[in-house]
Amino acid sequence: MNEVRILFSNHLDDDALRHQKKILARLGASLAFSISDATHFVADSFLRTRNMLEAMALGKPVVTHLWLESCNQTSCLIDEKAYILRDAKKERELGFSMPDSLVRASQKPLLQNQKVIITPNSKPSKDIVANLVKAVHGEVVENFDLSSLKVDEYPGSVLILSCQEDYVFCQSYLNEGVAVHSSELLLSGIVTQRLDYARHRLFEDHVRTAVSQEIKISKRL
């Protein structure tokens, strides 16, 4: 198991964590300090932490501590499928299946080659959102020139992740008819492996007002 590198959840019980690390050493596996360096993420409950989201975004196995226990008993690497973390209550509430989400993430990254602008006050923080965008193969850009694009090219050209506090930052894009979405679009999208654009769209009143003004102007002409 030399190729196995484990990142443990920060929410594991201290005694359980010590025991798991002993098993890790016995099996010859390594301790990882980030999801990017890990092959597996060990957690016993579903919490939407940075590590959990990054693991799911990358499609890396999210397993319970029982997986390492079983590997220890057999002294060999066991298929993770039977040990994938399941939380029936959370899966029902959030509308996802952990095994399905991990498979989808590994087969088709959520934002493959999508350019993404993240505004300064995006939640939980711009840096965390940027790391998650990169984990799902998106490309973080600071600005995006819309002048060379046709209006019908806007929706697929750039994704803007923002928050209510950053309305001023988004105004120029909104004026051009570009949709702005809450960063929750990405956070929940990583969990469900679906992007619900309509649910997480911001500043729709601005868009409706802009359209109404354009209609009035066209009627005058």
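A: What follows is a walk through the aromatic pairs, and then through a helix contact and some details of the backbone. The model is a predicted one, and a search of the whole structure finds 2 aromatic pairs. A pair of aromatic rings is described by the distance of the centres and the angle of the planes.

In the pair formed by phenylalanine 46 and phenylalanine 96, the ring centres lie 5.2 Å apart and the planes stand at 45 degrees, so the pair is tilted. This pair links distant parts of the chain, since phenylalanine 46 belongs to the loop between β3 and α2 while phenylalanine 96 belongs to the loop between α4 and α5, 50 residues apart. Both phenylalanine 46 and phenylalanine 96 are buried.

In the pair formed by tyrosine 167 and phenylalanine 203, the centres are 5.1 Å apart and the planes are at 65 degrees, which is over 60, so this pair is edge-to-face. Here too distant parts of the chain are linked, with tyrosine 167 in helix α8 and phenylalanine 203 in the loop between β9 and α10, 36 residues apart. Tyrosine 167 has a relative accessibility of 30% and therefore counts as partly exposed, whereas phenylalanine 203, with a relative accessible area of 11%, is buried. The backbone of phenylalanine 203 also deserves a look, for this residue has a positive phi of about 60 degrees although it is not a glycine. Most residues other than glycine have a negative phi, and most peptide bonds are trans.

Histidine 137 likewise has a positive phi, near 70 degrees; this histidine is found in the loop between α6 and β6, and it is partly exposed, with a relative accessible area of 41%. The peptide bond from lysine 123 to proline 124, in turn, is cis, with omega near 0 degrees, and proline 124 lies in the loop between β5 and α6.

The helices α2 and α5 pack at an angle of about 60 degrees, with their axes 6 Å apart, and that angle makes α2 oblique to α5. The contact is made by Met52, Ala55, Met56 and Ala57 of α2, together with Met98, Ser101, Leu102 and Ala105 of α5; these residues divide into 7 nonpolar, 1 polar and no charged. Helix α2 also holds glutamate 54, which counts as buried at 13% relative accessibility. Leaving aside residues up to four places away in sequence, glutamate 54 touches Ile35, Asn131 and Leu132.

Technical notes:
Residues numbered from 1 in each chain as written. Predicted model: local features only at pLDDT ≥ 70, side-chain atom pairs only at ≥ 80, totals over all residues. Heavy atoms only, no water. Phe/Tyr/Trp six-rings, centres within 6.5 Å; stacked < 30°, edge-to-face > 60°. Helix = DSSP H or I, 4+ residues; strand = E, 2+ residues; numbered from the N terminus. Buried < 20%, exposed > 50% of the residue type's maximum accessible area, 1.4 Å probe, protein only. Contact = heavy atoms within 4.5 Å. Axes fitted to C-alpha atoms, helices over the stretch in contact; angles between N-to-C directions. Parallel < 35°, antiparallel > 145°, perpendicular 65-115°, else oblique. Nonpolar A, V, L, I, M, F, W, Y, C, P; charged D, E, K, R; others polar.
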